[in-house]
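Hi,

Here is the structure I said I'd pass on. Have a look at it first, and then read on for what turned up in it.

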Amino acid sequence: MLTNEPYYILSANLIGLAFIVVTTRGPFSYERSAGKETVRYNPGGVSTSLSHLMQKEGGTWICWGDGNNDKQHPDEISGNYRIIRVFINDRERRGFYDDYSNSTLWPLFHYFRERIKYPKSAFLMYRKVNHDFLEAVKKVYSPGDTIWIHDYQLTLLPAMIRSEIPDARIVFTWHIPWVSGEFFSSLPESEEIIKSLCTSNCITFHTELYVRNFLDSVSQITGESESVRGKVHSIPLGIDYSYYHRKSEALQRSPFHGDQKAIFSVDRMDYTKGLTSRVNAIETLLEEHPDLSGKFVYYMAVSPSRTHVREYRTFKSDLEMHIGRINGRFSTISWVPIMYMNKKLPESSLIGFYRFSHVALITPLFDGLNLVSKEFVASSRDGVLIISKFAGSASQLTGAIKVNPNSRAEMAQAIYTALNMEPEERRARLEQMKKDVSRHNSTWWIRRIKEVSRRG
Ligand code: F6P
């Protein structure tokens with residue numbers, strides 16, 4: 001990964017052209033086992049999209065060095081940009097990542113009230129790790145740079161930067177849903193978090209609803225939101241459309257065998273993704289339409305995620321139990337309805353699945369945006385998209401079939417409709433979405449971010 005091109009990066013920083021991007025997850029990590037080093041690309045749409053962007057834009061990316069061999073690569077050049085890794089120990093990881101980020105903030109911002117935990121010591125560790133990121137920012141910052149912070153793991157960083165670099169230009173992009181003001185204020189640390197975010201020059205979300213909810217939270221906590229209204233924007237993240245289009249067009253052969261129709265989904269293993277409701281909908285579909293036995297296969301790819309967090313492990317066992325039950329109930333000697341793959345698919349297979357699936361079934365219970373839905377649209381030949389109305393991308397994807405993921409009957413009906421949709425209607429819906437997704441692509445997104453950050 002290490003190349004010999006530091007000159008471009010340094011000069012871009014000196015004249016203030018490049019972003020200093022700060023995220024928890026980096027683009028990739030190094031793992032060492034049995035004496036051999038391998039590169040692990042991180043799952044999650046945010047790191048995938050930002051790596052495409054950073055290759056084009058250049059700049060510096062500060063992220064967590066979470067791989068077991070990352071300490072050998074604390075500061076490196078990857079193609080067109082520089083990566084600086086922040087290291088935290090196991091105790092810090094538990095408090096910052098497993099507990100406060102993913103057992104308090106994550107369930108809170110996805111309306112899973114019963115899963116929220118409030119361990120005070122975890123917040124202290126969260127603050128400490130945010131401070132470690134501040135130290136990394138200070139080492140690379142030059143006057144004129146734009147510091148672009150991402151997501152719920154780093155909410156305290158804007159205020160920390162503001163107090164040490166008062167005139168820094170800070171852009172904060174929030175990638176998950178933002179809940180109503182009343183719900184957000186139930187968080188004991190809500191005031192510290194919202195005040196910190198408001199020290200940014202601008203804050204971007206993926207939908208108008210999240211913007212309204214954020215302003216509502218500011219009003220509830222501080223008594224007014226007028227002073228921040230002008231710096232809060234809805235700018236939905238776009239994908240590198242031509243990349244997916246080009247790669248998928250080059251594929252000649254379908255990865256699927258036989259003449260069964262292929263239903264496909266790809267997600268992180270997460271209780272917010274609606275995976276259990278989805279397999280239950282397959283059960284309802286087969287109960288209501290026994291003639292569909294042997295006519296389709298649901299290819300369900302689920303990449304491991306947050307495996308140190310107990311809730312995630314319990315969720316995985318529960319999901320696998322449902323898949324086993326449904327497959328046991330409906331399989332025949334020559335057919336299994338759900339083909340479950342618990343691994344991160346290599347990109348080439350993923351794009352093949354996107355390209356040749358008849359139906360993409362993307363039905364999270366809540367999701368900040370959902371980039372998979374856009375990648376599918378860019379890559380698909382003539383597939384039908386079924387999307388949850390609680391995914392941030394749903395409002396942009398006008399040609400999709402929208403469903404409420406909490407209704408098994410509605411989901412089963414949507415799958416049935418998609419499997420039986422006439423080719424002309426399939427193509428018309430897909431064409432409409434291709435136009436929208438290619439227009440609002442990653443280049444559009446970065447241009448809009450730059451526009452608002454200049455104004456902020
Ligand atoms: O999109 C939300 C998000 O939490 C990102 O911040 C993150 O990179 C991604 O999902 C994957 O989650 P994690 O980094 O915990 O594996």
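Strands E5 and E6 run antiparallel and are joined by four bridges. Helices (H or I, at least four residues) and strands (E, at least two) are DSSP runs, numbered from the N terminus, and two strands count as paired if DSSP finds at least two bridges between them. Before going further, a caution: this is a predicted model, so local features need pLDDT of at least 70 and side-chain atom pairs count only at pLDDT 80 or more, while totals for chains, interfaces and linings use all residues. Residues are numbered from 1 along each chain as its sequence is written, and side-chain values use heavy atoms, with hydrogens and water left out.

For a parallel pair, look at strand E7 (residues 146–150) and strand E8 (residues 169–173), which share five bridges. Trp148 stands opposite Val171 in E8. Contact here means heavy atoms within 4.5 Å.

**The six-stranded sheet**

The other open sheet I'd point you to has six strands in the order E13-E12-E11-E14-E15-E16, with parallel pairing. Strand E13 (338–341) and strand E16 (401–403) are at the edges with a single partner strand each, so one side of each has no neighbour in the sheet. Here the twist averages 20 degrees from one strand to the next.

Strand E15 (residues 384–388) pairs with E16 in the parallel sense over three bridges, and Ile387 stands opposite Lys402 in E16. Helix H15 (residues 408–419) packs on this sheet, touching strand E11 (261–268), strand E12 (296–303), strand E14 (359–362), E15 and E16; its direction makes about 165 degrees with that of E16.

The protein is divided into domain 1 (2–238 + 444–455) and domain 2 (241–439), with bounds that come from an automatic or database domain assignment. Their centres, taken over C-alpha atoms, are 29 Å apart. Domain 1 puts 32 residues into the contact and domain 2 puts in 24 residues. About 2200 Å² is buried between domain 1 and domain 2, with carbon and sulfur atoms giving 62% of it; buried area is the accessible area (1.4 Å probe) that two parts lose on being put together, summed over both. Trp106, Phe112 and Arg115 supply 23% of what domain 1 buries against domain 2, more than any other three residues.

Which residues touch the most other members of the largest nonpolar core? Val22, Ile62, Ile161, Trp178, Phe214, Phe296 and Leu385 do, out of 151 residues. Such a core is a set of buried Ala, Val, Leu, Ile, Met, Phe, Trp, Tyr and Cys residues joined through side-chain atoms within 4.5 Å, where buried means under 20% relative accessible area, exposed over 50% and partly exposed in between (1.4 Å probe, protein chains only). Helix H4 (residues 120–140) gives the most to this core, nine residues. Domain 1 and domain 2 each contribute at least three residues to this core.

Asn130 is in helix H4 and counts as buried, at 0% relative accessibility. Leaving out residues up to four places away in sequence, Asn130 touches Phe96, Gln153, Leu154, Thr155, Leu156, Leu157 and Met160.

Val228 is in helix H9 (residues 226–229) and is buried too, at 6% relative accessibility. Beyond its neighbours within four places in sequence, Val228 is in contact with Cys198, Leu215 and Val218.

Cheers

Definitions and conventions. Axes fitted to C-alpha atoms, helices over the stretch in contact; angles between N-to-C directions.
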